[in-house]
Amino acid sequence: MKILVFGATGMVGQRIAAELRDRGHEVTGVSRSGGPVKGDVRDTAVLAPGHDAVVSAIAPPRDGTEPEPPFTEANKALVDGLRAAGVRRLIVVGGAGSLQVAPGQDLVDTPDFPELYKKEALAGRALLRFYREVDDLDWTFVSPAAEIAPGERTGVFRVGGDTLLSDEQGRSFISAEDYAVAIADELEKNANVRKRICVAY
């Protein structure tokens, strides 16, 4: 497939791009820092017709300088660009804050949720709510575990839905490498169109 990756120089985005290339896909990386192609999701000009899918691996700044609604507005521009370019398939790199830890309770609303990540998590939850209203694109919103960091590519992990996944010790973790595997799997299999999924060990 011909795939465009926004945020391709970030910790997650670069691993997604590498995983897709390793599988033989043609990947164009876009980054505000000036990666292979300079731009961001607002730059609809980079969404030239001909791409089979787009991966948006961007996140709002943790300091709250681009909270919701500006972050959601940027994604609305992305959706409009996809529609104009005739690209239906979209993978959105989401956060863990909107995952449920109990009926009616999201992780971001728990008392011990780190204040450092709260604005980012709230913007991510608003973004998920926005995509759930998009019914003319084949999007998948992929939330990682509560912890995601560079690590080992094992290819062995669990895929869930709206509930936070934890291991037997109570830890919710996924390596960025295995998260990228899950993204590539979803692009190739289209198993969760217009759904949110969670990836964790």
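Guide: Contact means that heavy atoms lie within 4.5 Å of each other. This is a predicted model, in which local features need pLDDT of at least 70, side-chain atom pairs count only at pLDDT 80 or more, and totals for chains, interfaces and linings use all residues. Residues are numbered from 1 along each chain as its sequence is written, and side-chain values use heavy atoms, with hydrogens and water left out.

Visitor: Of the contacts in the chain with a separation of 6 or more, what share comes from residues 24 or more positions apart?

Guide: Such residues account for 77% of those contacts.

Visitor: What is the radius of gyration of the chain set against?

Guide: The radius is taken over C-alpha atoms, and the globule rule is 2.2 Å times the number of residues to the power 0.38. For 201 residues a compact globule would come out near 17 Å; the chain has 16 Å, which agrees. Along its principal axes the C-alpha trace spans about 45 × 35 × 30 Å.

Visitor: How many helices and strands does the chain have?

Guide: Four helices and twelve strands. Both are DSSP runs numbered from the N terminus: helices are H or I with at least four residues, strands are E with at least two.

Visitor: Why is I197 called buried?

Guide: Buried means under 20% relative accessible area, exposed means over 50%, and partly exposed lies in between, with a 1.4 Å probe and protein chains only. I197 has 4% relative accessibility, so it counts as buried. I197 sits in strand β12. Leaving aside neighbours within four places in sequence, its contacts include T140, F141, V142, S143 and E186. Of the 201 residues of the chain, 50% count as buried.

Visitor: Why does Q100 get another label, and what is that label?

Guide: Q100 has a relative accessible area of 31%, so it is partly exposed. Q100 belongs to strand β6 (residues 100-102). Q100 and L164 are 64 residues apart in sequence, yet 5.8 Å apart in space, C-alpha to C-alpha. L164 is also among the contacts of Q100, together with Q105, D106, D162 and T163, again leaving aside neighbours within four places.

Visitor: What makes a set of residues a nonpolar core?

Guide: The members are buried Ala, Val, Leu, Ile, Met, Phe, Trp, Tyr and Cys residues, joined through side-chain atoms within 4.5 Å. In the largest such core, which has 36 residues, I16, L20, V55, V93, Y179, I183 and L187 touch the most other members. At least two residues each come from β1 (2-6), α1 (11-22), β4 (53-56), β5 (89-93), α4 (176-189) and β12 (195-200). Helix α4 gives the most, with seven residues. I183 touches I16, V55, I91, V93 and V142, not counting residues up to four places away. Apart from this core lies another, of 25 residues, including L90, L128, Y131 and W139.

Visitor: How do you know that the length of α3 agrees with its number of residues?

Guide: The expected span is 1.5 Å times one less than the number of residues. For the 14 residues of α3 (residues 118-131) that gives 20 Å, and the end C-alpha atoms are 20 Å apart, which agrees.

Visitor: Why is α3 called largely enclosed?

Guide: Ten of its 14 residues are buried, so the rest of the structure largely encloses α3. Among them are E120, R125, L127, L128 and Y131. Their cover includes α2 (70-85), β5, β7 (105-106), β8 (138-144) and β12.

Visitor: What makes two strands a pair?

Guide: DSSP must find at least two bridges between them. β5 and β8 have five bridges and pair in the parallel sense; V93 has V142 of β8 as its bridge partner. β8 and β12 are likewise joined by five bridges and run parallel, with F141 opposite R196 of β12.

Visitor: What is noted about the phi of N190?

Guide: Most residues other than glycine have a negative phi. N190 is not a glycine, yet its phi is positive, near 50 degrees. N190 lies in the loop between α4 and β12, and at 39% relative accessibility N190 counts as partly exposed. R194, also not a glycine, has a positive phi of about 55 degrees. R194 is in the loop between α4 and β12, and its 36% relative accessibility makes R194 partly exposed.
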